[in-house]
There are 2 protein chains.
Amino acid sequence: MANEAALPAVTICEVGPRDGLQMARDILPTEIKLRWIRQLAQAGLREIEVGSFVSPKLVPQMADTAAVVRGALEIEGLTVCALAGNLRGVVAAHEAGAHVVAIPISVSDTHSRANVNKGTDAQIDMVRAAVDWVRAQARPMRIDVAAATAFGCSMEGHVPLQRVVDVAADLAATGADAIALADTVGYAQPAQVRATVRAVRDAIGARLTKLHLHDTMGLGLANALAGLDEGIRAFDSCLGGLGGCPFAPGASGNIVTEDLAFMLASMGYRTGIDLPQLVAARRLLAESLPSEKLRGAVAVAGLPKTFGAA
Amino acid sequence: MANEAALPAVTICEVGPRDGLQMARDILPTEIKLRWIRQLAQAGLREIEVGSFVSPKLVPQMADTAAVVRGALEIEGLTVCALAGNLRGVVAAHEAGAHVVAIPISVSDTHSRANVNKGTDAQIDMVRAAVDWVRAQARPMRIDVAAATAFGCSMEGHVPLQRVVDVAADLAATGADAIALADTVGYAQPAQVRATVRAVRDAIGARLTKLHLHDTMGLGLANALAGLDEGIRAFDSCLGGLGGCPFAPGASGNIVTEDLAFMLASMGYRTGIDLPQLVAARRLLAESLPSEKLRGAVAVAGLPKTFGAA
């Protein structure tokens with residue numbers, strides 16, 4: 001189609017190898033993780049969060065992240081992201097060669113203290129130190145910060161919009177490259193997503209790049225649509241809707257990559273994703289993690305007759 | 001709250017007793033149907049499609065619809081709807097005392113012929129005859145027509161927008177009270193919902209009242225949000241996401257009433273629904289239809305801490 005190139009591009013960052021696997025009962029061997037990451041990249045995902053540099057005692061599923069990063073770096077054209085919870089993790093991500101380090105901090109002070117035993121302000125200081133450290137290195141590394149519990153908290157409940165804006169502004173002031181808003185516990189609703197994106201963008205402009213949404217209440221794709229309407233062009237998601245938050249009781253999985261990709265493609269956004277290949281990448285996951293329940297509609301229903309035909 | 005009355009009202013029409021039960025393997029006894037309908041009304045649903053007047057040989061689950069309508073009429077404040085597939089069904093709905101008769105016709109001529117052995121034009125003639133017949137009776141009865149396969153067809157595939165507009169205009173010209181657009185097979189996507197609602201409203205104005213959406217591809221609530229944004233203030237849905245279409249292979253259930261009600265309420269729309277009571281009404285369904293799989297997120301996750309607190 002002649003006008004295909006004119007459609008806006010949307011980046012889906014697959015976080016399954018990190019947010020999905022950290023919650024899984026079984027620990028995937030490094031080679032299986034890399035085989036899965038290669039399948040995801042083959043299906044057209046250009047940005048994958050491959051693991052996290054956190055305490056292997058707390059999250060043994062992520063103990064091999066350095067090896068996974070190194071393996072993923074061999075995949076041509078792939079932007080390799082790794083999560084880090086503190087400066088030590090950021091250093092480890094840089095040493096492993098990650099293109100992007102993602103640092104989550106919590107907008108809810110209570111959630112932050114429960115999660116990492118530090119308040120939000122101390123975590124913003126940590127981000128500032130991390131940015132300063134990274135900028136002093138010879139090899140550049142993109143720094144994404146996720147403002148967790150930006151749409152509500154399982155402990156504090158309602159998180160005031162002004163608080164979200166203030167934390168986002170503080171994070172932007174650290175010099176981090178990009179700020180994401182994360183619905184860590186899945187409390188967001190579309191009107192709130194719109195209002196929050198608008199207010200945060202008013203405060204920090206294009207530094208706000210991404211939404212990280214969960215499907216706890218079934219509103220994940222409606223919330224993604226609301227973000228899309230407000231100009232958000234990047235989303236985190238997990239193949240098969242894996243994932244959750246060990247510190248947010250009751251929270252279910254991330255939005256489903258293949259359903260999100262289907263929605264975006266059917267609306268005319270370019271994602272670069274081959275949907276049948278993406279759906280096929282569920283097979284390895286289903287075989288390797290038999291105790292995890294894969295979610296998602298597209299994989300069950302199959303692509304509709306109208307897909308790609310309009 | 002002082003300004004609560006200022007929020008827009010949205011009508012949820014529960015179609016579970018019709019669209020849900022017609023697909024169920026087990027046949028619910030009349031008394032169980034009525035007990036369930038009473039629970040739904042008690043939870044605040046003000047409009048319920050309680051059954052259909054169709055051939056009991058084809059759809060034995062609906063053989064007791066006249067008795068169900070009569071029982072539902074005893075529930076104070078409830079608008080009792082019944083589906084009818086032809087003039088004979090419309091007469092039966094009127095005789096039983098239904099407040100509303102819902103007549104589905106298919107925008108896709110192929111789907112229409114496969115479904116009822118008549119093309120779309122013949123079905124529009126049938127609607128016209130039904131309207132004329134109802135208007136000649138002493139007791140008024142609201143006539144809702146649903147334009148099925150308005151967003152795609154499992155047989156024809158893409159259904160052109162102009163075709164949807166033309167059929168909607170023909171239906172409005174019959175004098176029917178209200179036209180709904182139905183995503184019978186679940187192929188709709190949000191941009192299409194917006195464009196279709198706009199085009200059909202341009203053609204028939206406020207006569208377009210409602211969307212009937214399925215969750216086949218996981219986009220049900222995103223599509224509802226798109227309709228809501230375009231001013232749609234009425235939606236069909238099924239408790240537990242029951243339902244489907246016997247003539248649309250692969251189509252999964254309707255959008256989930258409790259998840260839709262949660263989205264609307266959390267966005268500030270008035271629905272009149274008590275969510276915990278609505279969720280509790282799943283129990284009778286689960287006990288009475290053990291072979292049906294109930295879907296939905298809110299019922300599993302529970303209401304978030306922020307609900308009703310903002």
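Biologist: Is strand β2 of chain B mostly covered or exposed, and how many of its residues are buried?
Modeller: This is a predicted model. In it, β2(B), residues 47-53, is mostly covered, with seven of its seven residues buried.

Biologist: Which strand does β2(B) pair with over six bridges?
Modeller: That is β3 of chain B, residues 79-84, and the pairing is parallel. One bridge there joins E49(B) to C81(B) in β3(B).

Biologist: How does the chain get from β2(B) to β3(B)?
Modeller: Through helix α3 of chain B, residues 65-72, as a right-handed β-α-β crossover.

Biologist: And what about β1(B), in which sense does it pair with β2(B)?
Modeller: Strand β1 of chain B, residues 11-14, also runs parallel to β2(B), over two bridges. E14(B) sits opposite I48(B) in β2(B).

Biologist: Switching to the dimer side. How many residues of chain B are in contact with chain A?
Modeller: 36 residues of chain B, and they contact 36 residues of chain A. Helix α10(B) gives the most to that side of chain B, five residues.

Biologist: What is the split into nonpolar, polar and charged on that side?
Modeller: 19 nonpolar, 14 polar and three charged.

Biologist: Why say the copies meet through the same surface?
Modeller: Because 100% of the interface residues of chain B are also interface residues in chain A.

Methods. Residues numbered from 1 in each chain as written. Chains lettered and ligands numbered in written order. Predicted model: local features only at pLDDT ≥ 70, side-chain atom pairs only at ≥ 80, totals over all residues. Contact = placed C-beta atoms within 7 Å. Helix = DSSP H or I, 4+ residues; strand = E, 2+ residues; numbered from the N terminus. Nonpolar A, V, L, I, M, F, W, Y, C, P; charged D, E, K, R; others polar. Buried ≥ 20, exposed ≤ 12 C-beta atoms within 10 Å, placed from the backbone. Pairing = 2+ DSSP bridges. Right-handed = clockwise from strand over helix to strand, strands pointing away.
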